Amino acid sequence: NDTAMIDLSLQVEDEPDLLYMGRYFVSAWENGTTNSTSNNVSISCVDLLSKIKNIPLDKLRLKNNISVVDYLKIAVDSLNSKLSDELKIKYNDKDLNIYVNSNYDWQMHFINIDRTDIENIFNNIAQNTVSYLWIDRDGYLKTDHLLDDKAKEAVCTLSGSLNILEYGSQSGDVGKYSGIEVEYIDSIAYENKELFSTTEYQLVVGNNEILNLTLNSDKVFNIHNIKIKCEEGYASCTGFNVYKNSIDLNIESTHKTKASIQIFGTVINETKNTMTVYLEKKKKGDIAKIDNNILRKELIHTFANGLVSVLKMKNNRIYAQGWINPRVKLGDLVYMLGSRLGVNDYYKVVGLEFTLGTNYRCKASLVRTVEVDKAFEDLTYQLEEALYDTLTGVDVDINTIVPLTDEEAQFVENELNADLVAEFRKVLYGGDY
């Protein structure tokens, strides 16, 4: 059945306790199709977000000057009200990080997100705040903003010569752009207007519940007058809920009668503007266009320049596949070494795909968010290891050593005395220098 759940745990080598990998929800049962497999059953499962991502959300009211995090919690609470306990999304305020190092909260001009389902909301917030949103192995919502990352100790090292069998670039089409153009809301104005009018609405005696009445704007902010005139008797509005483009009404009537209904309220009108930021001032080519209808005007400069700073980093998106410790989680910082791409940097883990069975494998999607000025020891430790191995009779494969950039090499040579530089080169490449 489609209500079954599976809790998955792994036995990690040299560890006495099982490592919990999360809860998964059965989506399909399939029997074998041949005589030899007729007694076999194949089970397909999905994670929590995949299970609930397309459930329609209750409509949310349009609000202005609300923080991104507060809106995110409103949306999750709205979804949770429709879910059974095992499907509810849990969260702690401390785990919802949307630019925590800023002197101000990241505010939305107003809630102007397509709110059909929670996946759409997560994607919109992620793209417009340069963040990642996910549900962790314990069912908790986590967010990780990429523009406030700081260098810290990595949870592990991934190396093309040790535990990584395959790695490569995941930059895709991003690498072809020379800059970004961000369209944003420069200002908003409030306008009072008639939002709905009808002359022949049929009422019954008592309460009339009118749901999802379409208004003539999709940016309705509030309602300030509802006029009802009846052919017979009297009717009045006893309550309403308004959304960005519709309204639910309760009308109490003394008679069965036709009535005219007029609804007046306030709508929001936007004035748009654009900001263009180039990766390099001298290189102006194709521009990636981004529509950011979430953040307030004063935040767009931080958004645009922060996004460009991430895009400018060399090898800013890569994947690594091999034996990656299953304790590594989304949002962790790892150190990646790969001589083929010249990778020697900190990376944020933004995706994990596990292959379980007799041959354990993990594919990690990594994004570079921190540009670190490397210390002398960081640049030379591979050379020092190679020198030691060579002097003690161990063969050294120089293809496993990440090459230094010209700037890094000059820095190392400035720090080392000339004799030791020559010794390094002689050991690694042979010949006299």
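## Strands, helices and a pocket: worked exercises

Ala364 in strand 21 is the bridge partner of Ala320. Strands here (E, at least two residues) and helices (H or I, at least four) are DSSP runs numbered from the N terminus, and two strands pair if DSSP finds at least two bridges between them. The model is a predicted one, in which local features need pLDDT of at least 70 and side-chain atom pairs count only at pLDDT 80 or more, while totals for chains, interfaces and linings use all residues. Residues are numbered from 1 along each chain as its sequence is written, and side-chain values use heavy atoms, with hydrogens and water left out.

**Exercise 1.** Follow the pairing of strand 18 with strand 10 and with strand 21.

*Solution.* 
- Strand 10 (residues 164–169) runs antiparallel to strand 18 (residues 317–322), and five bridges join them.
- Here Tyr167 faces Ala320 of strand 18.
- With strand 21 (residues 361–367), strand 18 has six bridges, also in the antiparallel sense.
- Ala320 turns up again, with Ala364 as its bridge partner in strand 21.

**Exercise 2.** Find the strand order and the edges of the open sheet of three strands.

*Solution.* 
- The order is 1-2-3, and the pairing is antiparallel.
- Strand 1 (5–11) and strand 3 (41–46) each have a single partner strand, so one side of each lacks a neighbour in the sheet.
- From one strand to the next, the twist averages 50 degrees.
- Strand 1 and strand 2 are joined by seven bridges, and Met5 sits opposite Phe25 of strand 2.

**Exercise 3.** Work out how helix 2 and helix 3 are oriented and which residues meet.

*Solution.* 
- Two packed helices are described by the angle and the distance between their axes.
- The axes of helix 2 (residues 68–80) and helix 3 come within 11 Å, crossing at roughly 170 degrees.
- The two helices are therefore roughly antiparallel (under 35 degrees is roughly parallel, over 145 roughly antiparallel, 65 to 115 roughly perpendicular, the rest oblique).
- From helix 2, Val68, Tyr71, Leu72, Ala75, Val76 and Leu79 meet Ile118, Ile121, Phe122, Ile125 and Thr129 of helix 3.
- By class, this contact has ten nonpolar, one polar and no charged residues (Ala, Val, Leu, Ile, Met, Phe, Trp, Tyr, Cys and Pro are nonpolar; Asp, Glu, Lys and Arg charged; the others, Gly among them, polar).

**Exercise 4.** Identify what lines the largest pocket.

*Solution.* 
- The largest pocket has a volume of about 1400 Å³.
- Among its 49 lining residues, Trp134, Ile135, Asp136, Arg137 and Leu330 are the closest to its centre.
- A pocket is an open set of points on a 1 Å grid over the protein atoms alone, where a 1.4 Å probe fits, with protein on both sides within 12 Å along at least five of seven lines; lining residues have an atom within 4 Å of a point. Points are joined across faces, edges and corners, and the volume is the space filled by probe spheres set on them.
- Strand 2 gives the largest share of the lining, seven residues.
- The lining counts 18 nonpolar, eight polar and 23 charged residues.

Note on methods:
Axes are lines fitted to C-alpha atoms, for helices over the stretch in contact, and angles run from 0 to 180 degrees between N-to-C directions. Contact means heavy atoms within 4.5 Å.
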